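Subject: Structure handover

Hi,

Here is the structure for you to look through. My notes on what turned up follow below it.

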Amino acid sequence: MENDSGFYAPLTYSAWLTWAGLGLLFIVAAWLAFVFLSTRQRTGTVPAAPSGPPSEPSGLKRDYLRRIDAVAVDAAAGRVSARDSHQELSLLIRSFVRDIAGIDAPRMTLAELHRQGIPAAALAISSLYPAEFGPEPRDTEPRDSVAAAAETAREVVRTWN
């Protein structure tokens, strides 16, 4: 006897649909794991070994003194603001420390610079902070503050051992 009630049994799905769904879930889980692991901040990383001293430190010092003079001249001529000049001088001091000693100073905070045992550079950079990050100097002429900062930067370069 036939089923006259009009009821039909559910159709079964193909096995490949189950495997495709599981594969899609695996791909999404792998992508999420990759994103999570690749964007985590790594702790306990070993810092790169400092590179050796440059082959000719006197040439490096001359180059940095020339660059410091160029910043001072641009500031005196009014082509660069006092803040930008102080920021450039800070970057030059930090880059000089990196090039002469192999210490990654451009990426360090002031506290990290103090801990590195480079007091002259840390003191010079700390003296640049008020003009670098604060409002424009009010008590002195901006050109005078840049000239003093440039002299501080020159002193760091000249006295480096």
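Arg 154 is buried, because its relative accessible area is 14%. Buried means under 20% relative accessible area, exposed means over 50%, and partly exposed lies in between (1.4 Å probe, protein chains only). This is a predicted model: local features need pLDDT of at least 70, side-chain atom pairs count only at pLDDT 80 or more, and totals for chains, interfaces and linings use all residues. Residues are numbered from 1 along each chain as its sequence is written, and side-chain values use heavy atoms, with hydrogens and water left out.

Salt bridges

Arg 154 meets Asp 69 in a salt bridge, 2.7 Å from N to O. The term stands for a side-chain nitrogen of Lys or Arg within 4 Å of a carboxyl oxygen of Asp or Glu. Arg 154 lies in helix H6 and Asp 69 in helix H2, so the pair ties together parts that are 85 residues apart in sequence. Helices here are DSSP runs (H or I, at least four residues), numbered from the N terminus. Asp 69 is partly exposed, at 33% relative accessible area.

Glu 151 pairs with Arg 158 in another salt bridge, with the closest N and O atoms 3.2 Å apart. Both ends are partly exposed: Glu 151 has 35% relative accessibility, and Arg 158 has 42%. Shared partners join Asp 69, Glu 151, Arg 154, Glu 155 and Arg 158 into one network of salt bridges.

Asp 104 and Arg 107 also form a salt bridge; their closest N and O atoms are 3.7 Å apart. Asp 104 is partly exposed at 36% relative accessibility. Arg 107 is exposed at 71%. The count comes to nine salt bridges.

Aromatic pairs

How many aromatic pairs does a search of the whole structure find? It finds two. Rings of Phe, Tyr and Trp (its six-membered ring) pair if their centres lie within 6.5 Å; planes under 30 degrees apart count as stacked, over 60 as edge-to-face, and the rest as tilted.

Tyr 64 lies in helix H2 (residues 57-77) and Phe 96 in helix H3 (residues 82-101), so the contact links parts 32 residues apart in sequence. Tyr 64 is buried at 1% relative accessible area. Phe 96 is buried at 0%.

Phe 96 also pairs with Trp 160. Here the centres are 5.9 Å apart and the planes are at 85 degrees, so this pair is edge-to-face too. Trp 160 sits in the segment after helix H6 (142-159) and Phe 96 in helix H3, so parts 64 residues apart in sequence are tied together. Trp 160 is buried, as is Phe 96. Tyr 64, Phe 96 and Trp 160 form one aromatic cluster.

Surface patch

Which residues form a nonpolar patch on the surface? They are Leu 24, Val 28, Trp 31, Leu 32, Phe 34 and Val 35, with about 630 Å² of accessible area together. Patches are made of residues with over 30% relative accessible area and no salt bridge; like charges are joined within 9 Å, nonpolar side chains (Val, Leu, Ile, Met, Phe, Trp, Tyr) within 5 Å. Areas come from the Shrake-Rupley method with a 1.4 Å probe; for residues, only the protein chains shown count as cover. Val 35 is in helix H1 (residues 15-39). Val 35 is partly exposed at 32% relative accessibility.

Best wishes

Conventions. Helices (H or I, at least four residues) and strands (E, at least two) are DSSP runs, numbered from the N terminus.
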